[in-house]
Amino acid sequence: MTPTEQSPGPHHHDDAELAEFGYRPELKRTLGNFHTFAAGISYISILTGTFQLFYFGYGSGGPAYWWSWPMVFAGQFMVALCFAELAARYPVAGSVYNWSKKIGNPHLGWLAGWMMLIASIVSISAVALAYQLTLPQISSAFQFVGDGTGKYDVATNAVVLAAVLILFTTLVNAFGVKLMATINTAGVFIELIATVVLIILFAVHITRGPQVVMETNHTGAGYSTGYLGAFLVASLASAYVMYGFDTAASLGEESLDPSRNAPRAIVRAIVASFLLGGLVLLLALMSVSSLKGDKLSTDGLQYVVLDVLGPTAGKAMLWCVLIAVTVCALAVHTAAIRLAFAMARDNNLPASSLMARVSPRFQTPVLPAVIIGVLALAILVVNIRQPQIFTVVTSIGIVMIYLAYLGVTAPMLVARLRGKWQPAGGDRFSLGRWGLPVNIVAVVWGAAMTVNLIWPRAAVYNASAPYHWYLRWGAVLFVAVISGGGFAYYWFVQRRRTGVLAEHRLEAAPAAPSAPLAAPAAD
């Protein structure tokens, strides 16, 4: 037995699903129910997303943009339910990649994993930049570059602060999942408590009624479709937040009883995020002293917190936001590592044997943690003098995540229609007769939101000067290159190499039955 291979123990039944993929267990199972829930909710991160994107939603659609929150939740909840059913059946690392491979085919799985991996690395950089939105408002001492008034002061300082955070997440992830889970769980606990406290404090400072969410601030004036056009743009502020719930399943090989814990964690993470985040947004609009002026569409929720709570309590709350941003970046980095490990184990990445190596000491893939951290740091450089380009890159990352999710829900729907989908048995999560309608809605929603995300509108991709066609069409062009290039690379090169590496293969795997969803052999 190799040093990283687990011997049979009280939880050896948790590894049964790995045998269907031909993998032997290597990662240490230490994560409990709350750990997996924390991983999912910290990726979504109520405080990170709402504080980072409120200004965009409000500026694009006025107070009525709030309705995009329940709209996005309804669509993403359908996706989460499909993922929960998959997590009960296949709780393995690199969830989206392995699910797409299993219910679709190796080519589709590679493409979904490829897009999700790139998007995850971009997301680490994007989340880390949120430090700039919060730290300088706590104290001007955190504005290390200039005084914040120079042309590139803010953008460059954002890169400095973000680099510190990415170095932190890289080190924590390199030292093992237990340390990551401990920090993440503590951070999520603080974030949840802070969110509830913030809701209460906003509630006791209400100055107007809930009818505020019917006001549009005339934001639809510049659109041929009226407010609908403005609302679709503003809805991206919610779409950029409510994803990443699959992280709970991606840690399945390090969790105890994952086929039961992961589905519950996925559902609870998105429901808790919807309820708490929705209340924060609603009560912020009801409690801010004035809806006039441009502070709400420039400084966002950070301004609301300081305006409503005052400098002392407001800054204390901003520190909690900072903790939320930290654990969010940590969770995104963690999920990206598991995805890279899962793909490398199938010989689907450069230097796969090294990328899939599990450290005997830390019992985690160390090299992917470092490489992903370095790539995320490299992406930050774009933001120093071209923040508009970084905005485009960030948006592209979200588009690719929605496409990767479609790479799971679409083949799952095909399997259902062909009568080949078999949910987990026993008392594990299953949608039952609701599976087909839920899956249909998930696919339609994913396709519609992908179109909305990628649509080349200046309001999203080139909102301020200088105006360039390549910024406006950046998402369309980049996603086309990434997806088309990835498709071609797999077909002409990678498909001849794909297969579980010998050192990760289950040596005594039983003869595989003719399961209807067994992945077809690589060409």
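Mentor: Leu86 lies in helix 4; helices (H or I, at least four residues) are DSSP runs, numbered from the N terminus. This is a predicted model, in which local features need pLDDT of at least 70, side-chain atom pairs count only at pLDDT 80 or more, and totals for chains, interfaces and linings use all residues. Residues are numbered from 1 along each chain as its sequence is written, and side-chain values use heavy atoms, with hydrogens and water left out.

Leu86 has a relative accessible area of 0% and is therefore buried (under 20% relative accessible area; exposed is over 50% and partly exposed in between, with a 1.4 Å probe and protein chains only). Setting aside residues up to four places away in sequence, Leu86 touches Pro91, Trp99, Ile103, Val408, Met412 and Trp421, where contact means heavy atoms within 4.5 Å. A further pair to note is Leu86 and Pro263, which are 177 residues apart in sequence and 8.1 Å apart in space, C-alpha to C-alpha.

One of the residues that Leu86 touches, Trp99, also belongs to a ring cluster: ring pairs link Trp99 with Phe83, Phe245 and Tyr405. Rings of Phe, Tyr and Trp (its six-membered ring) pair if their centres lie within 6.5 Å; planes under 30 degrees apart count as stacked, over 60 as edge-to-face and the rest as tilted. Across the whole structure a search finds 19 aromatic pairs. In the pair Phe73 and Phe77 the ring centres are 5.3 Å apart and the planes are at 25 degrees, so the pair is stacked. Because Phe73 and Phe77 are 4 residues apart in helix 4 (residues 68-89), about one helical turn separates them. Phe73 is buried, at a relative accessible area of 12%.

Trp110 and Tyr490 make a tilted pair, with 5.9 Å centre to centre and 40 degrees between the planes. Trp110 lies in helix 6 (residues 106-128) and Tyr490 in helix 21 (residues 474-492), so this pair ties together parts that are 380 residues apart in sequence. Trp110 is buried, with a relative accessible area of 3%, and Tyr490 also counts as buried, at 3% relative accessibility.

Next, the helix packing. Helix 9 (residues 177-203) and helix 14 pack at an angle of about 150 degrees, their axes 9 Å apart. That makes helix 9 roughly antiparallel to helix 14. Axes are lines fitted to C-alpha atoms, for helices over the stretch in contact, and angles run from 0 to 180 degrees between N-to-C directions; under 35 degrees counts as roughly parallel, over 145 as roughly antiparallel, 65 to 115 as roughly perpendicular and the rest as oblique. Helix 9 passes helix 14 in a left-handed crossing (the near helix is turned anticlockwise from the far one by less than a right angle; right-handed if clockwise). The residues of this contact divide into 20 nonpolar, 3 polar and 2 charged, where Ala, Val, Leu, Ile, Met, Phe, Trp, Tyr, Cys and Pro count as nonpolar, Asp, Glu, Lys and Arg as charged, and the others, Gly among them, as polar.

Helix 14 (residues 300-345) also packs with helix 16 (residues 366-380), at an angle of about 120 degrees and with the axes 9 Å apart. Helix 14 is thus oblique to helix 16, and passes helix 16 in a right-handed crossing. On the helix 14 side, His333, Ala336, Ile337 and Ala340 meet Pro368, Ala369, Ile372 and Gly373 in helix 16. By class, this contact has 6 nonpolar, 2 polar and no charged residues.

Tyr131, found in helix 7 (residues 131-138), is buried at a relative accessible area of 11%. Apart from neighbours within four places in sequence, Tyr131 is in contact with Pro136, Leu161, Leu165, Leu322, Val325 and Thr326.

Two backbone points remain. Most residues other than glycine have a negative phi. Ser45, not a glycine, has a positive phi of about 55 degrees; Ser45 lies in the loop between helix 2 (33-44) and helix 3 (46-61) and is buried, with a relative accessible area of 0%. Asn347, again not a glycine, has a positive phi of about 60 degrees. Asn347 sits in the loop between helix 14 and helix 15 (352-355) and is partly exposed, at a relative accessible area of 24%.

Note on methods:
Helices (H or I, at least four residues) and strands (E, at least two) are DSSP runs, numbered from the N terminus.
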